[in-house]
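Visitor: I have a structure open and I am new to it. Can we go through it together?

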Amino acid sequence: MSTLPFGIVLLLALLVSAVVSFAATPLVKRMAYKLGAIDVPKDNRRMHKEPIPRMGGLAIAISFILTVLIFGELDRQMRGILLGAVIIVVLGVLDDCLTLRALFKFLVQIGAACVVVAHGCTIQFLSNPVFTSDVPYLDLGNWSVPITIIWIVAITNAVNFIDGLDGLAVGVSAISAATLLVIALLVSESAVAVVLAALLGACLGFLPYNFNPAKIFMGDTGSTFLGFILACISIQGMFKLYAVISFAVPFLILGVPIFDICYAIIRRLARHQNPMQADRGHIHHRLIDMGFSQKQAVAITYMLTAMLGLAAVVLTSSGEARALILIGAIFVVGAIGFGLIFRHNAKPHDPKPPDKEEVQSK
């Protein structure tokens, strides 16, 4: 593929990944039925009315890995990312079929992150958040390894936490991947761009099956895989470019899942609950309780993700205005977020939704 122009390789990676994902999803759906990977509505967090197969994320993972093997550059870091991703996928498939304990899953995720770190993919530098400082970047030194592991595990679970409505997590991941792709092109990271094109294509190929009403859920197989890959690629392509990219860019791009998981942990700890214990207090739940339909709630979340992504792109390309853009983006999203959380006139949850749309709720 090295003889082809870069633009053609990028387009092929996106198209091949999308086609493989789209073609593999019906096969994975049949496999999910045979393995018993079925999401049965059994509590008020799940608003779909009929059992729906999950494990659809396996199609996303297969298409992504296959496309990267064909079009990507398999250096030491990329091999570590793919090996860690395989661990996450196996864990997700087992969880979708057997429902594993949260602690076990958490430990395996840490192990997968350690595999990535062992292959040299770490956060070594951060741009100094104090723009007026004479020190352009911060060397993390010995803190590099634990901070990298925390970042990977946190984003892996953050995307998993927002997988609560049809098309929500995969759509947010697609927008995040597209944003990272644009930034990778802006800073001439061609190898990272090809990987992101493969990830974007895998998401787009699965979306038609996952839009409301969903024919299949991607399950923990898909949500943890997408979170893991986004976390690793943001390290490989963003954090290492400390001379160009502010530390805030990955946080902006993944702002919605980061905000949701941070608030979920604080909320559960305040109630003396296990931080990994599922509840019905995520952003998408609150949007539903405020009277929005499932499709409207997904659209609002898409809009917030796209707005943050646009801010990240402008932040990358317009250095002189980056402080103002960052402050403005944080202010707007923060105001919306706090408005959703603390709005007093939110309607109580009705176990029978007002419309007939089928959704998945994490």
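Visitor: Which residues are linked in a network of salt bridges?
Guide: Asp95, Lys105 and Asp220 make up that network. A salt bridge here is a side-chain nitrogen of Lys or Arg within 4 Å of a carboxyl oxygen of Asp or Glu. Before going on: this is a predicted model, where local features need pLDDT of at least 70, side-chain atom pairs count only at pLDDT 80 or more, and totals for chains, interfaces and linings use all residues. Residues are numbered from 1 along each chain as its sequence is written, and side-chain values use heavy atoms, with hydrogens and water left out.

Visitor: What is the N to O distance between Lys105 and Asp95?
Guide: The two side chains meet at 3.1 Å, N to O. Helices (H or I, at least four residues) and strands (E, at least two) are DSSP runs, numbered from the N terminus.

Visitor: And how far apart are the closest N and O atoms of Asp220 and Lys105?
Guide: They are 3.4 Å apart. This pair links distant parts of the chain, 115 residues apart, with Asp220 in helix α8 (residues 219–239) and Lys105 in helix α4.

Visitor: Is Asp220 buried or exposed?
Guide: Asp220 counts as buried, at 7% relative accessibility. Lys105 is buried too, at 17%, and Asp95 has a relative accessible area of 6%, also buried. Buried means under 20% relative accessible area, exposed over 50%, and partly exposed in between (1.4 Å probe, protein chains only).

Visitor: How many salt bridges does a search of the whole structure find?
Guide: Three. One of them joins Asp39 and Arg54, with the closest N and O atoms 3.6 Å apart. Asp39 is in strand β1 (residues 38–39) and Arg54 in the loop between β2 (52–53) and α2, so the pair ties together parts that are 15 residues apart in sequence. Both Asp39 and Arg54 are buried.

Visitor: Which cysteine sulfur is closest to that of Cys121?
Guide: The one in Cys232, 5.8 Å away, which is too far for a bond. Cys121 is buried, at 1% relative accessibility, whereas Cys114 is partly exposed at 34%.

Visitor: Back to helix α3. What span should its 23 residues have?
Guide: Helix α3 (residues 76–98) should span 33 Å at 1.5 Å a residue, and its end C-alpha atoms are 33 Å apart, which agrees. The expected span is 1.5 Å times one less than the number of residues. After α3 comes Thr99, whose phi is positive, near 60°.

Visitor: What does the side chain of Thr301 reach?
Guide: The backbone oxygen of Ala297, at 2.9 Å. Thr301 lies in helix α12 (residues 294–317) and is buried, with a relative accessible area of 5%.

Visitor: Last one. Where is Leu69?
Guide: Leu69 is in helix α2 (residues 57–71). Leu69 is partly exposed, with a relative accessible area of 47%.

Conventions. A disulfide is a pair of cysteine sulfur atoms within 2.5 Å. A polar contact is a pair of N or O atoms within 3.5 Å; within protein, one must be able to donate a hydrogen and the other to accept it, and residues adjacent in sequence count only if both atoms are side-chain atoms.
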